[in-house]
Amino acid sequence: MENTDFEVIIIGGSYAGLSAAMSLGRSLRKTLVIDSGKPCNAQTPHSHNFLTQDGLTPKQIALLGKEQVINYPTIQFYDGLAAHARKTNDTFEIATSAGDTFTAKKLILATGLKDLMPEIQGYAECWGISVIHCPYCHGYEVKHQKTGIIGNGEAGFEYAKMISNWTKDLTIFTNGSSTFTSEQSEKLSGHQIRIVEKAIAALVHENGKVEKIVFEDHSEEQITAIYSRPAFKQHSEIPGQLGCVLTETGLLKLEMFQQTSIPGVYAAGDNSHMARSVALAVSAGSMAGAMLNRELIEEAF
């Protein structure tokens, strides 16, 4: 690329990054989007609960977004991994894994999260297909079906309350001893929600569609959908390199209007929001781009 100096660099070119880029393109800002092409929902067959895009594949939505954003002449794209970041005086310097270096006055981190798959055979292959995390994104497609939740304790109890809206054939698999209180257990039993305390060995599936759970004691249970929220970490090391503060849950801590704890650095998408959805990522990206543009205007005026 001939140009290496920009007003804004966006790290991450999925939904939040593309949405931020559109706001900045329409604001005439010289912007670079650096994207490694590894979205966390890559194997999810369909995306839902996003008005006008309901039922499209994640890739279709992203490609359409990029086709629209690339029409703005001040936006450029770089295919590669942003590996290192540092602040130098009034600019940020971003180095890629290929050795290219770019600078900008401001940054938007749309870097997403990396899900940490539990040590359950077949889980990773089913993730995003029949092992799902969000009923608003995928619950309608598995409504009234024989459904499980891998969860425990307070988080598992709240999850069960929510999912019981979509199906009454619901079982909680604690993958070990239950940590529900006696009151929670009674409440779940009163709503005909079973609790199975066996350790899980594997998920038997066909092309990612779960068919049954196999436990370590070799017993089995038929199932057609599982809700689960695996552990996660920040997908990129750049927030840590810049010194961005994280919340107790590992998300980027935001001030007002998508600003991180580091001046001049904004964030949008899964890396900073507990409700992971395409629609919310697009909304956050649009806000980040608009508010960052406002900051640039205030500094120049």
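Predicted model: local features only at pLDDT ≥ 70, side-chain atom pairs only at ≥ 80, totals over all residues.
**Entry 1: helix H1**

I began with H1 and listed its buried residues: Tyr15, Ala16, Gly17, Leu18, Ser19, Ala20, Ala21, Ser23, Leu24 and Gly25. Ten of the eleven residues of H1 are buried, so the helix is largely enclosed by the rest of the structure. I then looked up what surrounds H1. Its buried residues pack against strand E1 (5–11), strand E2 (31–35) and strand E6 (101–109), and also against H2, E3 and H8.

**Entry 2: helix H2**

I turned next to H2, one of the elements against which H1 packs. Helix H2 covers residues 58–69, twelve in number. I noted a span of 17 Å from its first C-alpha to its last, close to the 16 Å expected at 1.5 Å a residue. Which residues of H2 are buried? I found Pro58, Ile61, Gly65 and Val69. Viewed down the helix axis, the buried residues of H2 fall within an arc of 70°, so they line one face of the helix. On the other side of H2, I recorded Lys59 and Glu67 as exposed. The buried residues of H2 pack against helix H1 (15–25) and strand E3 (75–79).

**Entry 3: salt bridges**

I examined several of them in turn.

Arginine 86 pairs with glutamate 93 in a salt bridge whose closest N and O atoms are 3.0 Å apart. I checked the accessibility of both partners. Arginine 86 is partly exposed, at a relative accessible area of 48%. Glutamate 93 is also partly exposed, at 22%, where under 20% would have counted as buried.

Aspartate 115 and arginine 276 form a salt bridge, with 2.8 Å between the closest N and O atoms. Where in the structure do aspartate 115 and arginine 276 lie? I placed aspartate 115 in strand E7 (residues 113–116) and arginine 276 in the loop between strand E17 (265–267) and helix H8 (278–300), so the pair ties together parts that are 161 residues apart in sequence. Both aspartate 115 and arginine 276 are buried.

Glutamate 158 and lysine 161 meet through their side chains in a salt bridge of 3.4 Å, N to O. These two residues are three apart in helix H5 (residues 153–163), a separation of about one helical turn. I noted glutamate 158 as partly exposed, at 36% relative accessibility. Lysine 161 is partly exposed as well, at 47%. I also traced a network: Lys146, Asp169, Arg194 and Glu221 are joined into one by salt bridges that share partners.

**Entry 4: the sheet E12-E13-E14**

I looked up the strand order of an open sheet of three strands and read it as E12-E13-E14, with antiparallel pairing. Which strands stand at the edges? Strand E12 (200–206) and strand E14 (220–222) do, each with a single partner strand, so one side of each is left without a neighbour in the sheet. I noted that neighbouring strands of this sheet are turned by 25° against each other on average, direction ignored. I then followed the pairing of E13 with E14. Strand E13 (residues 209–215) is joined to E14 by three bridges, and the two run antiparallel. I found valine 214 opposite glutamate 220 in E14.

Notes: Residues numbered from 1 in each chain as written. Heavy atoms only, no water. Helix = DSSP H or I, 4+ residues; strand = E, 2+ residues; numbered from the N terminus. Expected span 1.5 Å × (residues − 1). Buried < 20%, exposed > 50% of the residue type's maximum accessible area, 1.4 Å probe, protein only. Arc of directions from axis to C-beta. Contact = heavy atoms within 4.5 Å. Salt bridge = Lys/Arg side-chain N within 4 Å of Asp/Glu carboxyl O. Pairing = 2+ DSSP bridges. Axes fitted to C-alpha atoms, helices over the stretch in contact; angles between N-to-C directions.
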